[in-house]
Amino acid sequence: MSGLSILNLDAVRAAPVARAPYTYFLGNDVLNQGAIDEIREDFPAIAKPGYLTVDEVALKGRFKALIDELESDEFSRILGEKFGIDLVSCPRLTTIMKKSQPKYGSIHTDGPSKVMTLLVYMNDAWDAPAAGRLRVLYDGKNYEPFAVEVPPTMGTMFAFLRSDNSWHGHEPFEGERRVVQVAWVKDAAELERKKKRNRTAQFLKGIFGR
């Protein structure tokens with residue numbers, strides 16, 4: 001019997017894995033309905049824009065429990081079975097964003113130190129027709145055409161295996177855009193480098209206001 005009670009594992013398992021233009025899945029309703037109100041209430045009161053690591057944020061209640069589930073070996077095992085790779089042995093870096101800036105969302109593949117990236121969105125609604133909606137892309141220059149567009153609404157999960165052509169990004173958006181990102185990285189040393197780099201970036205934002 002699973003020890004995970006906030007994640008809807010049936011929804012995660014049911015989400016089909018696509019193999020083109022790279023390997024990914026898009027799942028809906030991956031958070032159990034009974035937990036959503038408390039997750040929304042317990043989402044951290046983050047004033048800074050951009051991603052902060054869980055070490056930089058005060059976690060509490062059901063939101064903290066969700067982070068624990070996302071970082072658990074059990075969940076890594078389930079995702080590993082889905083993608084056909086070992087994720088349990090990979091260190092995990094979890095970051096949280098509440099506020100987005102227009103400069104975010106530029107097209108990229110993620111760095112080669114990452115094995116897999118997962119995003120869980122927590123916005124009640126999303127009215128912008130294109131801005132802030134992550135897209136699976138075919139190259140590093142164009143937002144169109146795209147293979148799939150990810151609605152950043154409550155309970156949407158998007159995960160992909162990093163590759164040299166795992167292009168993704170979204171059109172510029174400014175405002176509240178709640179998302180949790182978990183990255184499975186190749187080794188512990190790289191995990192520490194990423195944490196240090198993120199802390200430095202947040203420090204500079206505090207000085208220069210951007």
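Helix α4, residues 73-83, has F75, S76, I78, L79, G80, K82 and F83 buried, where buried means under 20% relative accessible area with a 1.4 Å probe and protein chains only. Directly after α4, G84 adopts a positive phi of about 75°. Helices are DSSP runs of H or I with at least four residues, strands are runs of E with at least two, and both are numbered from the N terminus.

The model is predicted: local features need pLDDT of at least 70, side-chain atom pairs count only at pLDDT 80 or more, and totals for chains, interfaces and linings use all residues. Residues are numbered from 1 along each chain as its sequence is written, and side-chain values use heavy atoms, without hydrogens and water.

Helices α2 (residues 33-42) and α3 (residues 61-70) have axes that come within 6 Å and cross at roughly 100°; axes are lines fitted to C-alpha atoms over the stretch in contact, and angles run from 0 to 180 degrees between N-to-C directions. The two helices are therefore roughly perpendicular, a term for angles of 65 to 115 degrees. Contact means heavy atoms within 4.5 Å, and the table gives the residues that make it.

| Helix | Contact residues |
|---|---|
| α2 | A35, E38, I39, D42 |
| α3 | G61, R62, F63, L66 |

These residues of the contact of α2 with α3 comprise 4 nonpolar, 1 polar and 3 charged. Ala, Val, Leu, Ile, Met, Phe, Trp, Tyr, Cys and Pro count as nonpolar, Asp, Glu, Lys and Arg as charged, and the others, Gly among them, as polar.

An open sheet of 3 strands has the order β7-β6-β9 with antiparallel pairing. Because β7 (146-150) and β9 (168-169) stand at the edges with a single partner strand each, one side of each has no neighbour in the sheet. Strands pair if DSSP finds at least two bridges between them; β6 (residues 134-137) and β9 are joined by 2 bridges, and R135 lies opposite G169 in β9.

Terms used:
Parallel < 35°, antiparallel > 145°, perpendicular 65-115°, else oblique. Buried < 20%, exposed > 50% of the residue type's maximum accessible area, 1.4 Å probe, protein only.
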